[in-house]
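Subject: Structure handover

Hello,

Here is the structure I promised to pass on. Please open it and keep it beside you while you read the notes below.

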Amino acid sequence: MTKIFINERNKKGYIHPEVYGHFSEHLGRCIYEGLYVGEDSEIPNVNGMRKDVVEALKEMQIPVLRWPGGCFADEYHWKDGIGPKEKRKKMINTHWGGVVEDNSFGTHEFFELCRQLGCKTYVNGNVGSGTVQEMSEWVEYISFDGVSPMADLRKENGHEEPWKIDYFGVGNENWGCGGNMTPDYYGNLYRRYQTYVRQYHKDAPIQKICCGANVDDYDWTENVLKTCTAKPAPGNGNPGFMDGLSLHYYVHPGGWQDKGSATDFDEKKWYLTLEKALYMEELIKRHGAIMDQYDPDKKIGMMVDEWGCWFDVEPGTNPGFLYQQNTMRDALVAGITLNIFNKNCDRVKMACIAQMVNVLQSVILTEGPRMLLTPTYHIFHMYKHHQGAELAESFVEGNQTAGAEAQCRVPQISESVSVSADGTVNITLNNLSVSEEAPIEMFLTEMEPSRIEAVVLTGKMNAYNTFEEPENIKEEIFTDYKAEGRKISLTMPACSVIAFRIK
């Protein structure tokens with residue numbers, strides 16, 4: 001019997017809604033066809049944005065969207081994507097598939113999409129191939145409310161009022177596709193470039209994000225912080241001229257050279273994948289320990305702005321489009337990872353799964369006018385009540401292990417608990433075992449539930465949704481529990497995720 005003890009009165013920290021963020025890059029069919037079809041498309045749209053996709057994302061309560069990349073960000077020149085669309089420059093997307101990028105989705109379109117979604121904006125600037133002036137002028141174009149060359153240009157292009165930039169990334173993966181830089185070199189560039197990301201609105205400041213490490217490159221974290229940190233002037237923000245330091249981590253069951261199929265895998269690959277998802281905890285702790293040396297008050301957020309499963313592309317698709325299916329394995333990776341983010345909310349203040357539509361671990365897939373919700377979508381939908389809630393103390397006693405037959409040892413149960421502003425207790429549970437049910441008893445410290453709501457997502461480990469059968473995997477009401485006083489007993493199905501809301 002696994003026992004979960006919950007002290008709903010002991011609040012451990014605030015779960016920033018932005019932890020449930022998303023990422024959209026000019027890559028494959030994420031932007032074009034996935035999010036944006038153009039105003040003249042026969043697919044129902046509002047100002048070019050797919051109505052079905054936007055409505056599904058709004059239901060999921062997306063808090064923040066990152067754009068335009070990714071590797072694409074450091075070869076993106078923003079002036080190519082403004083003005084009349086017939087006059088916008090065309091280019092070859094050399095990073096992703098060698099296809100023509102016509103720049104019909106640019107700054108105005110991104111902010112229109114975020115307006116429709118009701119989410120915060122995260123713009124990634126070009127350090128790899130761009131200039132300080134180019135970045136500075138982009139911030140001015142977007143956010144300056146006054147008379148200036150760039151503000152006047154924005155108005156000429158049809159948008160009188162400025163937009164709000166919530167987050168601005170100064171470069172992306174500058175250790176790799178963003179310029180193959182050393183941490184010292186990038187750190188000094190960051191100090192320079194971020195100076196010109198001007199704060200035009202004191203009541204709506206831009207949070208600046210510094211390019212952090214690839215996976216376990218602790219040397220990068222150490223040296224960038226060493227170069228960038230400085231004692232701030234009184235009332236002048238966070239140490240190091242930054243509000244966030246990014247981290248990128250993708251899950252590959254067999255490593256970078258052996259990603260494997262998204263749908264055709266055995267139990268060994270299942271457990272290897274989940275074991276690698278659990279590695280996120282170690283990355284957060286070890287990078288966090290370095291950050292603590294330079295930022296002991298945790299003013300700088302760890303921004304895990306690229307994470308998720310990366311498998312081989314679906315057979316017959318462009319290898320540069322990174323289109324993959326999405327199974328219950330992806331759902332468990334998402335559930336595990338979001339639980340880890342919740343339980344490290346003192347340091348992790350934003351995260352963006354890669355990517356939103358039709359690329360890598362997508363929440364939505366499209367094919368022409370058709371759309372489906374993936375198992376990963378359902379996890380984000382089930383977990384949405386954690387957004388803006390307070391992390392509550394919880395721990396598991398008698399947790400079994402799974403995966404021994406695959407020479408892995410993963411805990412059978414992963415959990416996190418939060419308390420919403422109205423006092424509702426939100427519990428998310430994952431059963432990582434492919435084959436074993438989990439008898440569970442949950443104990444609340446003080447609350448005697450008067451109302452319990454629960455939903456479950458479960459299925460065979462490699463089950464997924466198709467356009468012909470879009471509801472193979474879907475959320476269902478869960479009633480196989482018994483409440484007695486402050487105790488809730490249940491039997492959790494194998495390969496499942498359950499979300500409880502207790503009042």
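Start with a charge and a ring. The charged end of R329 sits over the ring of F265, 3.8 Å from the ring centre. K259 does likewise with W256: its charged end sits over that ring, 4.2 Å from the centre. Keep in mind that this is a predicted model.

Next, the barrel. Eight strands close into it, in the order β2-β5-β8-β9-β10-β11-β12-β13. The pairing is parallel. On average, neighbouring strands of this sheet are turned by 30 degrees against each other, direction ignored. Look at one pair. Strand β12 covers residues 301-309 and strand β13 covers residues 348-354. They run parallel, and four bridges join them. Opposite M303 you will find M350 in β13.

Helix α5 (residues 183-195) lies across β9 (167-170) and β10 (207-214). Helix α5 runs at about 165 degrees to β10.

Now the aromatic rings. The structure holds 28 aromatic pairs. One of them is W307 with F380, and this pair is stacked. The centres are 6.4 Å apart, with 25 degrees between the planes. W307 sits in strand β12 and F380 in helix α9 (residues 375-383), so the pair links distant parts of the chain, 73 residues apart. W307 is buried, at 1% relative accessibility. F380 is buried too, at 2%.

Then the cysteines. How many disulfides does a search of the whole structure find? It finds one. The disulfide joins C71 to C177, with 2.2 Å from S to S. The link is left-handed, with -90 degrees about the S-S bond. C71 is buried, with a relative accessible area of 11%. C177 is partly exposed, at 27%.

C30 is buried, at 0%. For C408, the closest cysteine sulfur is in C309, 14 Å away, which is also too far. C408 is buried as well, at 1%.

Last, a loop. A421 is in the loop between β19 (413-419) and β20 (425-431). A421 is exposed, with a relative accessible area of 89%. A421 and A389 are 32 residues apart in sequence, and 6.5 Å apart in space, C-alpha to C-alpha.

Best wishes

Key. Residues numbered from 1 in each chain as written. Predicted model: local features only at pLDDT ≥ 70, side-chain atom pairs only at ≥ 80, totals over all residues. Heavy atoms only, no water. Pairing = 2+ DSSP bridges. Helix = DSSP H or I, 4+ residues; strand = E, 2+ residues; numbered from the N terminus. Axes fitted to C-alpha atoms, helices over the stretch in contact; angles between N-to-C directions. Contact = heavy atoms within 4.5 Å. Phe/Tyr/Trp six-rings, centres within 6.5 Å; stacked < 30°, edge-to-face > 60°. Buried < 20%, exposed > 50% of the residue type's maximum accessible area, 1.4 Å probe, protein only. Lys NZ or Arg CZ within 6 Å of the ring centre and 35° of its normal. Disulfide = S-S within 2.5 Å.
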